[in-house]
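Please look over the sequence and the model below before reading on. The report then takes up selected parts of the chain in turn.

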Amino acid sequence: MRVDKKDYIRIDIPFQGKTDEFTQQYIGLFNDSFPKTDIFADMDGENVIVYLNKLDFIKFKAFVKQQRAHNVRLFDQMLEKIQAIKSYNIKGSKRIYANYNAERKVKHRKKKEIKRDKMYYTRDNDFSRDKNELPDEYQNKIICGDSESELKKLPDNCIDLIFTSPPYNFGLDYTGQDDDHYWEDYFDKLFAIFRQCIRVLKFGGRIVVNIQPLFSDYIPSHHIISNFFINNKMSWKGEILWEKNNYNCKYTAWGSWKSPSSPYLKYTWEFLEVFCKGTLKKEGKKEDIDITADEFKEWVVAKWSIAPERKMKEYGHPAMFPEELAKRVIKLFSYQSDIVLDPFNGVGTTTAVAKKFKRRYLGIDISQDYCNKAIERLK
């Protein structure tokens with residue numbers, strides 16, 4: 001069977017020793033074990049040349065293990081080389097290496113985006129591109145008060161990033177506030193605050209809301225909140241799953257047991273809803289970027305496995321998110337010297353992490369006790 005080697009990735013493996021009949025025998029065995037349209041090997045002097053198009057990787061690893069039992073190490077080198085290739089597509093049981101992104105390409109993509117009316121829900125927004133400076137009396141401050149009232153004191157378009165986790169209305173014992181409101185009242189107040197958040201956010205700024213639905217009430221808070229931002233012309237950037245690995249909720253004592261009557265679904269994760277104002281692209285100086293290449297590659301995969309906060313008793317707060325969560329949001333969605341706002345600041349995780357990573361900050365909370373603790377953390 002003739003093949004065009006241009007359709008393959010070439011991998012050179014310097015072979016320790018001569019490529020003798022023994023080596024040829026095992027190369028032949030390898031070529032007989034896999035379709036030539038997928039992968040095949042050849043010899044060139046003291047090198048073994050592998051031509052890779054696609055590969056059933058599980059089958060390949062089993063083959064390597066089998067030959068290792070016969071003390072043949074050539075295929076371990078081959079496995080190491082192939083494992084180092086991180087760019088591939090998956091189709092069925094095979095990894096596609098050569099031209100791996102060919103199937104993903106869409107012809108006339110820009111034209112089709114226009115036809116679909118990309119982000120149609122943001123059409124006719126009246127967001128201003130003008131930016132205002134946050135007044136000095138609000139920079140790097142913790143303010144005790146009602147967020148709706150306090151935010152009304154700020155000028156338009158003065159905040160770069162809002163990261164917050166509002167009370168979930170679960171009935172938890174917060175200091176200075178209730179957490180068991182009638183649902184319509186809860187959302188009315190929450191959205192009054194979020195309207196002010198949209199107003200004070202700069203063009204290109206981001207809002208990231210950490211929320212968990214109350215599954216026992218069948219209230220999809222993350223969807224209701226997302227619909228609010230969409231209805232207010234904000235651009236949906238994406239949704240991040242915060243995997244808490246909380247396996248205490250692996251089994252359920254609610255709903256129907258071993259019956260399709262009414263099974264109760266349990267979750268080990270929370271949601272981070274990400275929205276942008278006016279544009280998905282945020283302008284900033286290159287020298288103010290502090291996210292590393294490894295962090296970026298890991299964090300843009302929108303499932304973050306982070307353990308829950310362990311110090312809630314120490315701070316006297318029943319629903320804190322961990323500093324690692326704030327760190328990722330702040331470094332991924334803002335530049336150094338940007339202004340980060342949390343209108344439900346609690347004991348100050350957002351503001352403490354913002355300061356640590358050289359952002360300016362503003363935290364607002366209705367509880368004086370929580371505000372005092374947030375100030376202490378900043379020290």
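## Basis of the model

This is a predicted model, in which local features need pLDDT of at least 70 and side-chain atom pairs count only at pLDDT 80 or more, while totals for chains, interfaces and linings use all residues. Residues are numbered from 1 along each chain as its sequence is written, and side-chain values use heavy atoms, with hydrogens and water left out.

## Strand pairing

Helices (H or I, at least four residues) and strands (E, at least two) are DSSP runs numbered from the N terminus, and two strands pair if DSSP finds at least two bridges between them. Strand 10 (residues 235–243) runs antiparallel to strand 11 (residues 269–276), to which eight bridges join it, and within this pairing G238 stands opposite V274 of strand 11. Strand 10 also pairs with strand 12 (residues 303–305), here in the parallel sense and over three bridges, with L241 opposite K303 of strand 12.

Elsewhere, three strands form an open sheet in the order 4-6-5, with antiparallel pairing. Strand 4 (54–55) and strand 5 (89–91) each have a single partner strand and stand at the edges, so one side of each is left without a neighbour in the sheet. Strand 5 and strand 6 (residues 94–96) are antiparallel and joined by three bridges, and the bridge partner of I90 in strand 6 is R95.

T164 lies in strand 8 (residues 159–164) and, with a relative accessible area of 0%, is buried (buried means under 20% relative accessible area, exposed over 50%, and partly exposed in between, with a 1.4 Å probe and protein chains only). A polar atom of the T164 side chain lies 3.4 Å from the backbone nitrogen of F344. Beyond its neighbours within four places in sequence, T164 is in contact (heavy atoms within 4.5 Å) with residues including F194, V208, N210 and F344.

N210 lies in strand 9 (residues 201–211) and is likewise buried, at a relative accessible area of 1%. The N210 side chain reaches the backbone oxygen of F271 at 3.2 Å. Leaving aside neighbours within four places in sequence, the contacts of N210 include T164, W242, F271 and F321.

## Salt bridges

A search of the whole structure finds 24 salt bridges, each being a side-chain nitrogen of Lys or Arg within 4 Å of a carboxyl oxygen of Asp or Glu. One of them joins the side chains of R199 and D156 at 2.6 Å, N to O. Because R199 lies in helix 6 (residues 183–200) and D156 in the loop between helix 5 (147–151) and strand 8, the pair ties together parts that are 43 residues apart in sequence. R199 is partly exposed at 23% relative accessibility, and D156 is also partly exposed, at 38%.

K202 and D160 form another salt bridge, in which the closest N and O atoms are 3.3 Å apart. This pair links distant parts of the chain, with K202 in strand 9 and D160 in strand 8, 42 residues apart. K202 counts as buried at 10% relative accessibility, and D160 is buried at 4%.

## A residue in helix 8

F296 lies in helix 8 (residues 293–299), and at 42% relative accessibility F296 counts as partly exposed.

Methods
A polar contact is a pair of N or O atoms within 3.5 Å; within protein, one must be able to donate a hydrogen and the other to accept it, and residues adjacent in sequence count only if both atoms are side-chain atoms.
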